[in-house]
Number of protein chains: 2
Amino acid sequence: MLKKERHDFVMRQINLHNRVLNSDLVQLLNVSEDTIRRDLQELAENGQLSKVHGGALSKSYQSSFDDSDVYAKDAKVCIAKKTTSLIKDGMVVLTGGGTSIIELAKQLPENLNATFFTVSPFVAIGLAKYAKVEVILIGGLFSKNSQVTYGGHVINQLSEINADLCLLGTSAIHPQNGLTDTDWEINQLKKAMFNSSKKAGILCISEKLDISLRLKVASLENIDYLITELDPQSPELNAYRVKTLQIL
Amino acid sequence: MLKKERHDFVMRQINLHNRVLNSDLVQLLNVSEDTIRRDLQELAENGQLSKVHGGALSKSYQSSFDDSDVYAKDAKVCIAKKTTSLIKDGMVVLTGGGTSIIELAKQLPENLNATFFTVSPFVAIGLAKYAKVEVILIGGLFSKNSQVTYGGHVINQLSEINADLCLLGTSAIHPQNGLTDTDWEINQLKKAMFNSSKKAGILCISEKLDISLRLKVASLENIDYLITELDPQSPELNAYRVKTLQIL
DNA sequence: CGGGGTCCTGCGTGTTTGTGCATCATTAAT
DNA sequence: ATTAATGATGCACAAACACGCAGGACCCCG
């Protein structure tokens, strides 16, 4: 194996997954850690990646942290991190789209071993970096607004799935009216996702609490977990304390 | 053994395997290391390969994952623009993934009215901006390497599709060996895509011409359009002038 | 025929580069 | 604070390299 080939291999991994662990590279390339470290060092000097303890990261990925929208972003990261505690090894998880879920896809533990079904291309792309996660993208018509697949074909496929946990972002949630939405197709889609899972969790930034829209997706009783960026004890959430609903 | 013969031999090896070790060449050609070194040096100066410590690598192989390659980017835009001329209103188009196709998705005419089936989430996302284009993302297992959906489920769905035009990027194309690839699953996928379309077009940056890989996808006869960034009349393309193949 | 030129090749020398190992320092995780 | 993982440094050895030189093949031309 030529040095240049190793370098190319590393860059391919970086472009694909935004990161490499140097322990992985040792195995994959069959060379000593020293060699890997020197390779990464050299690539870092050429500005092709940025080296960190234990591996290296893509430069672009690094800079993607300086989002101007730090505020909402923080909340979503917080929500995503809380949500990871619901996902255990071996689970089959079904997810929708939306920024909260996409953030979740970035925050999962490194060697999670699970199966994800998703209707969101963005989520699929995000999940691709986990070596032990099997990703199935559910195909169908692609919605220009919601950026997820939807329609009869998707619903058919969902009927064949039996997931352990369904995770959805939400447009609106309300103590009485439950989960609501404005788009009929997306509404149908979310209902089908509920039906295909044993349990359901809603990722919900606090702005969307106490809002009610035209179309009902599910009532609070059908939801098992509500994950917000707020403290689970906070008064804003009092109205949601239902027997079956766990708040975190 | 004449110098020219050695050079040809080396280039054949490079095209076949994307790499040569100079220790191998010493054995195979029965000459001294110095001679090999001088040969490789000469070929490198002619731009036919790129020499590295211990051997040499194919130029195209190099740049295939080097996204700092500005030329390649330009070329892909050029290819994408040429390709748009093949897509007419009302058509049903089936596309693969890869940077060329993703670029194509950005370059379509604004109010194109067509239906696109694709296995690439990136392409679906790119196509979402065209109001009159219906986008269907074909679902299935998501490949971490190729970033497209693949596998039996995808192939089943492809069998139900009858598209007017199939557009694929390519890993390698060769006058005799046709379209080839290295990954078996992707190979199967591409074959299925050919079978689901009346016509097929290959988007191919010139670096990937005259290269042959392990697995055959299709021969030139099965391809209807070859789109490169080169002038259709350029001598590099002479070998591809087959009755059924339109070059643009 | 034979000298002088060029080109190609292989060998010997010394130099540079790449790699792995041992040791010790540093960092992250609990 | 303790422990395990990771990193840095220096060293040794082998592989790859550059360079100069010499012998051989070939050609041109007198």
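The model is predicted, so local features need pLDDT of at least 70 and side-chain atom pairs count only at pLDDT 80 or more, while totals for chains, interfaces and linings use all residues. Residues are numbered from 1 along each chain as its sequence is written, chains are lettered from A and ligands numbered from 1 in the order in which they are written, and side-chain values use heavy atoms, with hydrogens and water left out.

Over all chains, the structure holds 13 salt bridges (a side-chain nitrogen of Lys or Arg within 4 Å of a carboxyl oxygen of Asp or Glu). One of them joins the side chains of A:K3 and A:E42, at 3.2 Å from N to O. A:K3 sits in helix α1 (residues 3-17) of chain A and A:E42 in helix α3 (residues 33-45) of chain A, so this pair ties together parts 39 residues apart in sequence. Helices here are DSSP runs of H or I with at least four residues, numbered from the N terminus. A:K3 comes out partly exposed at 39% relative accessibility, and A:E42 is partly exposed at 29% (partly exposed lies between buried, under 20% relative accessible area, and exposed, over 50%, with a 1.4 Å probe and protein chains only).

A:R37 is partly exposed at 35%, as is A:E33 at 41%.

Over in chain B, B:D181 and B:K190 pair up through their side chains at 2.9 Å, N to O, in a salt bridge. B:D181 is buried, with a relative accessible area of 5%, and B:K190 is buried at 12%.

Technical notes. Helices (H or I, at least four residues) and strands (E, at least two) are DSSP runs, numbered from the N terminus.
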